[in-house]
Amino acid sequence: MWVLGIESSCDEMASAVVRDGWEIVSSEVRGQNDVHSPYGGVVPELASRDHVRVVSEVVGAAVEEAGISLEEFAGVAVTAGPGLVGSLLVGLSFGKALAYRLGIPVVGVHHLAGHLASAELADRELGPPYLGLVASGAHTALFRVESTGPPQRLGETRDDAVGEAFDKVAVLLGLPFPGGPSVAAAAEAGREDAVDFPRPMLSNPGLDFSYSGLKTAVALEAERRGELSQADVQDLAASFQAAAIDVLVARARKALRQEGLRELAVVGGVAANRRLREQLAHWGERDGFRAVFPPVELCTDNAAMIACAGARLLERGEHHGLAFNSFSRVPIDATPWVATDSQ
Ligand code: KG4
Ligand code: ZN
């Protein structure tokens with residue numbers, strides 16, 4: 001069964017072809033760093049306009065690279081939310097039109113269900129029940145993934161996402177967009193113990209996260225130092241990164257203990273972070289759990305994960321009508337997509 005995936009929830013337009021729910025036959029991702037870098041963050045209106053410009057080219061490239069004809073597809077899987085509604089609508093409208101023209105079903109996929117599927121795509125040994133840590137620019141959440149039913153949310157951020165904190169700290173430190181990789185690169189040369197930044201929420205019960213206080217602490221320290229030398233930037237980046245990652249690691253370890261799970265899937269853009277990977281590998285050995293990290297190209301937004309999650313739904317006969325909408329915010333367990341905030 002061939003499934004075409006389309007993902008356009010934020011600033012990447014992506015399309016992929018996945019066979020039998022597992023095999024990535026092609027995967028195209030078109031970023032927009034040039035469009036947004038002058039602003040230090042994603043500008044929604046510019047993102048959707050650029051998606052309109054490239055959508056048919058990107059989908060066409062994925063299909064061509066797969067070397068199959070459009071008639072062979074069993075279905076189209078498209079991210080329907082959560083995300084920037086204007087961006088989502090471009091991929092969703094394109095996917096619906098293509099499915100209509102081909103007479104095949106279209107299924108809307110929850111973006112986080114897609115991220116969780118990226119770990120299963122990357123590692124066939126990984127199977128439910130497991131803990132999923134989604135750490136991206138828009139989300140920081142822990143899920144218990146079971147073989148039946150939607151993932152169960154155990155905790156989430158109460159304010160900023162961890163990737164968002166990396167992006168904002170990059171702006172504060174004058175580091176280039178996109179912020180996560182540039183803070184991580186600067187941190188390599190800095191001292192983690194230069195500043196003892198707070199580890200937010202660690203003493204709180206439950207499994208929620210909070211990152212806005214940490215970001216403010218970095219802003220105050222940067223302000224206190226005045227003009228920042230290169231060494232200051234590197235030290236602040238390293239100390240911030242240590243605090244941000246320590247919180248992810250501590251929360252994941254607590255959730256694994258609480259839920260009695262021994263496998264952890266770490267997904268989303270921040271899963272590319274080297275310190276996070278090292279720390280979880282280290283604690284996995286100590287605590288007796290296995291941490292699965294997809295390769296970097298599957299951690300950041302891509303359409304292979306959407307095609308994979310969509311294939312599971314299509315196999316079960318689930319699909320959506322052409323009137324199906326996109327949602328800026330929608331819980332992962334809202335099946336079949338009862339929106340909390342439809343646009
Ligand atoms: O999953 P993703 O592509 O988009 C969302 O769905 O949000 O994640 C992008 C986020 C950005 O905030 C980016 O700064 C962060 O992932 N990121 C990183 C690293 N690479 C990307 N954060 C920390 N360390 C990295 N190496
Ligand atoms: Zn994402």
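**Ground rules.** The model is predicted, so I take local features only at pLDDT of at least 70 and side-chain atom pairs only at pLDDT 80 or more, while totals for chains, interfaces and linings use all residues. Residues are numbered from 1 along each chain as its sequence is written, chains are lettered from A and ligands numbered from 1 in written order, and side-chain values use heavy atoms, without hydrogens or water.

**Zinc ion (ligand 2).** I looked up the protein donors (N, O and S atoms within 2.8 Å of the metal, or 3.2 Å for Na, K and Ca; water is not among the atoms, so sites may look incomplete). They are H111 (NE2), H115 (NE2) and D301 (OD), 2.0 to 2.1 Å from the zinc ion. Their spacing in sequence is H-x3-H-x185-D. H111 sits in helix α4 (residues 111–122) and D301 in the loop between α10 (296–299) and α11 (304–315), 190 residues apart. Helices here are DSSP runs of H or I, at least four residues, numbered from the N terminus.

I checked burial next (buried is under 20% relative accessible area, 1.4 Å probe, protein chains only). H111 is buried at 4%. D301 is buried too, at 14%.

**Ligand 1.** I then counted the shell (a heavy atom within 4 Å). It holds 19 residues, with G137, D167, G180, G269 and N273 the closest. A polar side-chain atom of H111 lies 3.3 Å from an oxygen atom of ligand 1. For G137, a backbone N or O atom is 2.8 Å from a ligand 1 oxygen atom. An N or O atom in the N273 side chain is 2.9 Å from a ligand 1 nitrogen atom.

Note on methods
Helix = DSSP H or I, 4+ residues; strand = E, 2+ residues; numbered from the N terminus. Buried < 20%, exposed > 50% of the residue type's maximum accessible area, 1.4 Å probe, protein only. Polar contact = N/O pair within 3.5 Å; in protein donor to acceptor, adjacent residues only side chain to side chain.
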